[in-house]
Number of protein chains: 2
Amino acid sequence: MSLGGATMDERVPRDFETLRATILERRQSLPKRIAQIAAYALDNPDDIAFGTAASIAASAGVQPSTLIRFAQQLGFDGFTSLQLVFRERLRERNSSYDERLAALRAKAEEGAGHRAIFDGFVAAASTSLNDISRTLNEDHFEDAIAVLAKAETIYVLAKRRSYPVASYIAYALGKLKIRNQLIESAAGLNAEMIGFASPRDAVIAISFSPYAPATIEEARVISEQGVPIVAITDSSFSPLAQFARVWFEVAEADFAGFRSLSATMALAMALTVAVGEKRRDGGRKRKA
Amino acid sequence: MSLGGATMDERVPRDFETLRATILERRQSLPKRIAQIAAYALDNPDDIAFGTAASIAASAGVQPSTLIRFAQQLGFDGFTSLQLVFRERLRERNSSYDERLAALRAKAEEGAGHRAIFDGFVAAASTSLNDISRTLNEDHFEDAIAVLAKAETIYVLAKRRSYPVASYIAYALGKLKIRNQLIESAAGLNAEMIGFASPRDAVIAISFSPYAPATIEEARVISEQGVPIVAITDSSFSPLAQFARVWFEVAEADFAGFRSLSATMALAMALTVAVGEKRRDGGRKRKA
DNA sequence: TTGTAAATGGAACGCTTGTCTCATTTTTTA
DNA sequence: TAAAAAATGAGACAAGCGTTCCATTTACAA
């Protein structure tokens with residue numbers, strides 16, 4: 001008989017995720033109009049949080065009283081209690097990504113303690129990842145993969161601050177059983193190494209301002225041999241860009257004078273794995 | 001005469017950031033009670049978004065009418081219009097960090113196209129950064145800095161997938177003019193290199209599962225010589241942990257079988273720069 | 001079909017809301 | 001200090017709120 005006024009001792013979903021799960025679970029057994037509101041609520045949670053019972057009911061195409069029955073069906077004692085859950089959801093993702101980042105950066109900039117240094121590097125890395133995720137040119141990306149997938153040997157060229165990226169690329173290519181050659185300077189035999197490269201090979205070259213002269217010079221020589229170059233660099237004015245078949249502009253944030261490598265790393269790894277995948281599929285699995 | 005009912009042709013802040021800037025700019029010239037609400041609004045934006053004029057006024061310790069005057073002072077035609085801006089703020093950060101990440105990961109997992117591979121690596125890197133930012137043990141961090149700052153020479157020990165981090169540490173230490181030695185295996189002289197290390201030096205060792213046997217063995221030898229080790233590894237069961245004076249547990253997310261290095265990189269750079277700073281200050285600039 | 005229970009629509013109600021007005025207090029100006 | 005202007009507090013009020021109630025419709029069992 002206590003049709004609507006469900007007593008509060010039955011478990012009432014207090015957080016949005018539980019509520020969502022409860023709704024999805026009972027979806028089948030809900031009356032038509034109630035189900036209609038349930039669907040609307042999950043699709044437009046913000047409207048539930050901010051709207052009035054009347055406005056929400058109108059948007060969902062039901063009567064306000066149905067909205068209240070919906071709430072009661074879920075164990076709430078009225079629409080208002082239900083709405084609180086939807087509002088709490090918005091409150092709880094309080095520290096949005098940007099605000100967290102801003103907080104990190106602020107702490108880092110006011111320069112208090114060693115923790116601030118750590119926060120600074122985390123913030124720089126996050127910013128870089130965010131930027132590249134927005135700005136990556138997908139056409140260039142596909143072109144680069146095509147160039148590299150055709151290569152017999154992939155040469156990897158980077159010095160100084162970019163060298164860690166090159167070494168990880170070489171490691172990953174090796175793991176994927178793709179023939180590659182890391183051009184290191186230890187033994188001073190770079191010129192000879194480069195001499196073996198042919199137009200059937202390809203190069204991944206990485207260099208950021210101030211561009212290591214050796215990288216630029218080696219890129220020039222190797223491009224004159226007709227070897228296609230995929231470059232990762234930091235601006236269209238980069239001397240590397242003029243030698244490259246395809247090039248990526250990656251804006252890495254820096255902190256305390258050291259550039260984050262996270263965006264470059266992510267791009268490098270994606271290139272590597274995509275090349276591996278393309279080779280396995282023999283170019284068959286293409287997007288239409 | 002049109003004291004309150006400011007006409008709408010004067011520029012009304014429509015987004016939260018503009019509103020915030022406007023308030024901060026006029027702060028000095030605002031009447032006492034109005035300023036009181038202004039401060040409350042910037043400190044408790046969520047309360048403004050969800051509360052009623054009465055409840056907000058009570059929380060801020062003013063009359064509801066003052067709240068309305070505050071809104072009108074800013075060019076809104078009432079509290080309700082002002083509140084819309086605060087609500088929009090919550091709506092707009094709709095795609096919270098976690099949701100964006102989840103979207104990236106979902107795209108990456110459904111595996112459509114090469115872009116998905118890229119997204120996967122970006123997501124893995126972001127997740128790793130987020131995790132380490134939450135879980136970094138500050139005491140360990142300070143201890144590690146202390147150990148490394150005292151060292152005459154810092155030895156950097158890492159192979160295979162961890163090697164890129166080691167090479168960046170070595171690069172950064174060099175830039176900061178801190179004597180360091182990267183233990184590479186190229187010439188097979190590692191044993192001799194290690195032999196020079198003394199208890200007045202220190203080691204940064206990095207190894208993740210599956211732990212490169214060479215790294216573990218060299219860490220064992222070097223710790224038996226009494227050289228303090230700062231380890232970056234992935235679990236408390238790591239064989240590296242038992243040799244270490246201080247160790248960090250870094251949980252790197254992986255994608256397509258390749259582990260992100262972003263968190264490790266951030267930690268490594270922070271350690272390096274913090275050591276550099278501590279040496280410059282001679283330990284004088286300590287937190288109380 | 002008929003009877004019963006569930007579901008629904010719509011109007012009515014009491015209450016709280018945002019806003020306005022006006023008397024009072026505080027601040028500024030001369 | 002006196003006068004004028006600005007700021008403030010507090011109550012009044014209409015509009016809109018969430019909720020309830022009841023008549024009607026729909027679904028289902030016998």
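Predicted model: local features only at pLDDT ≥ 70, side-chain atom pairs only at ≥ 80, totals over all residues.
**Entry 1: helix α10 of chain A**

I began with helix α10 of chain A, residues 163-175. Its 13 residues should span 18 Å at 1.5 Å a residue, and the end C-alpha atoms are 18 Å apart, so the two agree. The expected span is 1.5 Å times one less than the number of residues. Helices here are DSSP runs of H or I with at least four residues, strands are runs of E with at least two, and both are numbered from the N terminus.

Residues are numbered from 1 along each chain as its sequence is written, while chains are lettered from A and ligands numbered from 1 in the order in which they are written.

Next I looked up burial. A residue is buried if 20 or more other C-beta atoms lie within 10 Å of its own, exposed if 12 or fewer, and partly exposed in between, with C-beta atoms placed from the backbone. In α10(A), 11 of the 13 residues are buried, so the helix is largely enclosed by the rest of the structure. Among the buried ones are Y163(A), P164(A), Y168(A) and L173(A).

What covers them? The cover includes β1 (154-158), β2 (180-183), β3 (202-206) and α13 of chain A, and also α10 and β7 (258-259) of chain B.

**Entry 2: helix α13 of chain A**

I turned to α13(A), residues 262-281. Its 20 residues should span 28 Å, and the end C-alpha atoms are 28 Å apart, which agrees. This helix is mostly covered, with 16 of its 20 residues buried.

**Entry 3: two chains**

I laid chain B on chain A. A turn of 180° and a shift of 0.1 Å along the axis do it, with an RMSD of 0.9 Å. That is the relation of a two-fold axis. In chain B, P164(B) has the C-alpha nearest the axis, 2.0 Å from it. Both copies use the same surface, since 100% of the contact residues of chain B recur in chain A.

I then looked up the contacts, which need C-beta atoms, placed from the backbone, within 7 Å. There are 46 residues of chain B in contact with 46 of chain A. On the side of chain B that touches chain A, α8(B) gives the most, with 11 residues. By class, that side has 28 nonpolar, eight polar and 10 charged residues. Ala, Val, Leu, Ile, Met, Phe, Trp, Tyr, Cys and Pro count as nonpolar, Asp, Glu, Lys and Arg as charged, and the others, Gly among them, as polar.

**Entry 4: the DNA strands**

I listed residues near each strand, meaning those whose C-beta atom, placed from the backbone, lies within 6 Å of it. DNA strand D is surrounded by 20 residues, and the closest are A53(A), G78(A), F79(A), P31(B) and S65(B). Which helix gives the largest share of this surface? It is α5(B), with four residues.

**Entry 5: cores**

I checked the nonpolar cores, which are sets of buried Ala, Val, Leu, Ile, Met, Phe, Trp, Tyr and Cys residues joined through C-beta atoms within 7 Å. The largest has 136 residues, and V230(A) is one of those with the most contacts inside it. V230(A) touches, among others, L148(A), V203(A), I204(A) and V246(A). A second, separate core of 46 residues includes A49(B) and L67(B).

Most residues other than glycine have a negative phi, and most peptide bonds are trans. I looked for exceptions. A cis peptide bond joins S209(A) and P210(A), with omega about -5°. P210(A) sits in the loop between β3 and α12 (213-224) of chain A. In chain B, a cis bond joins S209(B) and P210(B), omega again about -5°.

Phi of R160(B) is positive, near 50°. R160(B) is partly exposed, with 19 other C-beta atoms within 10 Å. K177(B) has a phi near 60°. Is K177(B) buried or exposed? K177(B) is exposed, with 9 other C-beta atoms within 10 Å.

How values were computed: Least-squares fit on C-alpha atoms with pLDDT ≥ 70 in both. Contact = placed C-beta atoms within 7 Å. Lists of a residue's contacts leave out its neighbours within four places in sequence.
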